[in-house]
Amino acid sequence: MRKSMDRTGRGVVCALASLALSAALSSAAAAPTPKESARIPFAERFHVTQHGGIARAANSSITCGRPAGRADTPCAAAQQGGAGVNGRYRMAYIDVDSDTRTYNSSRAHLRIPAGSRVSYARLYWSGNLRAGKRKPAEGNGRVLIAEPGGRYKKVLADTMTGHRTGSRADGFQASADVTELVQKSGAGSYTVSQINIARGRSKAGAWGGWTLVAAYENKKLPLRTLALWDGFESLGGDRRALSVRLKELRIPAHSSGRVGVVAYDGDRGRGKDSLSVQTDRRHPHALRDTANPATDVMNSTVTEFGRESRRQPAYRNTLGFDSDVFTIKPALRSGGDQLTFRFTTGNRGYLLGALFVQADTKR
């Protein structure tokens, strides 16, 4: 009798979970489409000075399948960090949640120190709508997210969505404030699904993924300036450089800091993509690490200080999605009050989505 009741209870729970997901999927499908723009200038979204830091979780949502030719790197080798660009594969969805009603999903771990309180959190997601098949843009502004141990909840873009259509690609980025969700859920593994991405093969290749950025307060940590910018800027063609400035700093001696970058459609091995940072008018410092060469920063990686970020799956070559965190300690100079981040490209370029900074400061 007890086993029968247990099975019944589990059946009820599963049925309720199924109904909840179905409701989230149907309500998301009925949601209005946010306004879109081909270019959204980078602007500061969040800025605070407090004891604490910035954390991020990120992952790609599509990966390689069958290569176009015998001479191309096998998919498994590319996933492990080998050469390979998305235009040379028939791209396939990543789907880790074992739920047949979601066609893409991936997971990543958000690391927040114990005793911290989340001040602000934002989710970014992106994709290319043109590959073997073309996806309608109506789905750009909605995704599903599940917090650690939780069920999917719909997320709707709450700001202008970037959407750039060209001769080779049809890419977008959307974002939403998820502060309340992350405040309640804290650290752990988040799953994001149903990003509007086309699969298949085209010359430009399919790409897509998501990044969750969270600023947190913790009295045990140093006083820091925490800032987040976002937009939708294309580098390449007529535009070869973009600068972003963080002002009103008071950099102390022996400071530490980090910068995170979210970008799309950067191909590994093409080179001529760089990112530098300088304090005031001092000599710029080129950002690089063991996973991101100074001349090929947008090289399809999801890393922190050169190490793979904790995520599922953890493909070393994401084939068109970048979400990387670099140290900026070598560039920080005592007494400085401004940091300038400069992006450049010498090839066909990439799309910039977000930039976030954590830097030690003093009152």
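I began with Asn292, which counts as buried at a relative accessible area of 0%, where buried means under 20% relative accessible area, exposed over 50% and partly exposed in between, with a 1.4 Å probe and protein chains only. The model is a predicted one, in which local features need pLDDT of at least 70 and side-chain atom pairs count only at pLDDT 80 or more, while totals for chains, interfaces and linings use all residues. I kept in mind that residues are numbered from 1 along each chain as its sequence is written, and that side-chain values use heavy atoms, with hydrogens and water left out.

I placed Asn292 in the loop between strand E17 (285-286) and strand E18 (303-304); strands (E, at least two residues) and helices (H or I, at least four) are DSSP runs, numbered from the N terminus. The side chain of Asn292 makes a polar contact of 3.2 Å with the side chain of Thr303. A polar contact is a pair of N or O atoms within 3.5 Å; within protein, one must be able to donate a hydrogen and the other to accept it, and residues adjacent in sequence count only if both atoms are side-chain atoms. Not counting residues up to four places away in sequence, I listed Val297, Asn299, Thr301, Thr303, Asp324 and Phe326 as touching Asn292, contact meaning heavy atoms within 4.5 Å.

Between Gly320 and Val85 I noted a C-alpha to C-alpha distance of 7.4 Å, although 235 residues separate them in sequence. Beyond four places in sequence, the contacts of Gly320 include Asn86, Trp207 and Ser300.

Asp360 lies in strand E23 (residues 350-360) and is buried, with a relative accessible area of 11%. I followed its side chain to two partners: the side chain of Arg224 at 3.2 Å, and the backbone nitrogen of Ser256 at 3.0 Å.

Last, I looked up a sheet. Five strands form an open sheet in the order E8-E7-E11-E5-E20, with antiparallel pairing; two strands pair if DSSP finds at least two bridges between them. Strand E8 (152-156) and strand E20 (311-312) stand at the edges with a single partner strand each, so one side of each is left without a neighbour in the sheet. Within the sheet, six bridges join strand E5 (residues 105-110) to the antiparallel strand E11 (residues 188-193), and I noted Val192 in E11 as the bridge partner of Ser106.
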